Amino acid sequence: MTDFTLSDLEKTIAERARSGDPDSWTAKLFSKGIDKAAQKLGEEAVETVIAAVRGDTKGVVSESADLLYHWLVVLGIAGVKLDDVLTELERRTGRSGLAEKASRKD
């Protein structure tokens with residue numbers, strides 16, 4: 001098991017976003033804004049699903065890494081901290097998924 005965490009990735013993304021490095025994919029995504037980052041997130045989600053449906057374990061791992069990276073980029077551009085998402089997940093823990101979903105106001 002690795003010691004690398006999503007929090008580590010979030011910090012790296014924030015550093016690269018501020019770098020202005022023309023060779024940084026992260027800096028480019030931040031400069032293009034939420035629309036482009038969200039598009040990439042959606043593409044990676046679809047690619048992850050396709051790999052899963054095909055039973056492509058290596059593909060699921062690779063695409064999931066891309067998905068998590070692009071998700072954190074979207075969070076960063078949106079000004080949402082990973083800790084806020086984790087806090088929400090913790091709040092939901094211990095509740096039935098059906099009960100939690102029913103409690104939401106759509």
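Which residues line the largest pocket? The lining is made up of Glu10, Ile13, Ala14, Ala17, Arg18, Phe30, Leu72, Leu75, Gly76, Gly79, Val80 and Lys81.

## Before we start

This is a predicted model, where local features need pLDDT of at least 70, side-chain atom pairs count only at pLDDT 80 or more, and totals for chains, interfaces and linings use all residues. Residues are numbered from 1 along each chain as its sequence is written, and side-chain values use heavy atoms, with hydrogens and water left out.

## The overall picture

The chain has six helices and zero strands, so its elements read α-α-α-α-α-α from the N terminus on. Here, helices (H or I, at least four residues) and strands (E, at least two) are DSSP runs, numbered from the N terminus. Along the principal axes, the C-alpha atoms fill a box of roughly 45 × 35 × 35 Å.

Of the chain's 106 residues, 22% count as buried. Buried means under 20% relative accessible area, exposed means over 50%, and partly exposed is in between (1.4 Å probe, protein chains only). As for contacts (heavy atoms within 4.5 Å), residues 24 or more positions apart account for 51% of those with a separation of 6 or more.

## Back to the pocket

The largest pocket has a volume of about 190 Å³. A pocket is found on a 1 Å grid over the protein atoms alone: it is an open set of points where a 1.4 Å probe fits, with protein on both sides within 12 Å along at least five of seven lines, and lining residues have an atom within 4 Å of a point. Grid points are joined across faces, edges and corners, and the volume is the space filled by probe spheres set on the points.

Helix 1 (6-19) and helix 4 (57-78) each supply at least two lining residues. The largest share, five residues, comes from helix 1. By class, the lining has seven nonpolar, two polar and three charged residues. Nonpolar covers Ala, Val, Leu, Ile, Met, Phe, Trp, Tyr, Cys and Pro; charged covers Asp, Glu, Lys and Arg; the others, Gly among them, are polar.

Take Lys81, one of the lining residues. Lys81 sits in the loop between helix 4 and helix 5 (82-92), and is exposed because its relative accessible area is 53%. Lys81 and Glu10 are 71 residues apart along the chain, with 8.5 Å between their C-alpha atoms.

## How helices 1 and 2 meet

Helix 1 and helix 2 (residues 25-32) pack at an angle of about 70 degrees, with their axes 7 Å apart. Axes are lines fitted to C-alpha atoms, for helices over the stretch in contact, and angles run from 0 to 180 degrees between N-to-C directions. The two helices are therefore roughly perpendicular (65 to 115 degrees).

On the helix 1 side, Ile13, Arg16, Ala17 and Ser19 meet Thr26, Ala27 and Phe30 of helix 2. That contact has four nonpolar, two polar and one charged residues.

## Two other spots

Pro22 lies in the loop between helix 1 and helix 2. With a relative accessible area of 60%, Pro22 is exposed. Pro22 and Ala45 are 23 residues apart in sequence and 26 Å apart in space, C-alpha to C-alpha.

Asp66 belongs to helix 4 and is partly exposed, at 30% relative accessible area. Between the C-alpha atoms of Asp66 and Arg91, 25 residues apart along the chain, there are 27 Å.

Terms used: Angles under 35 degrees count as roughly parallel, over 145 as roughly antiparallel, 65 to 115 as roughly perpendicular and the rest as oblique.
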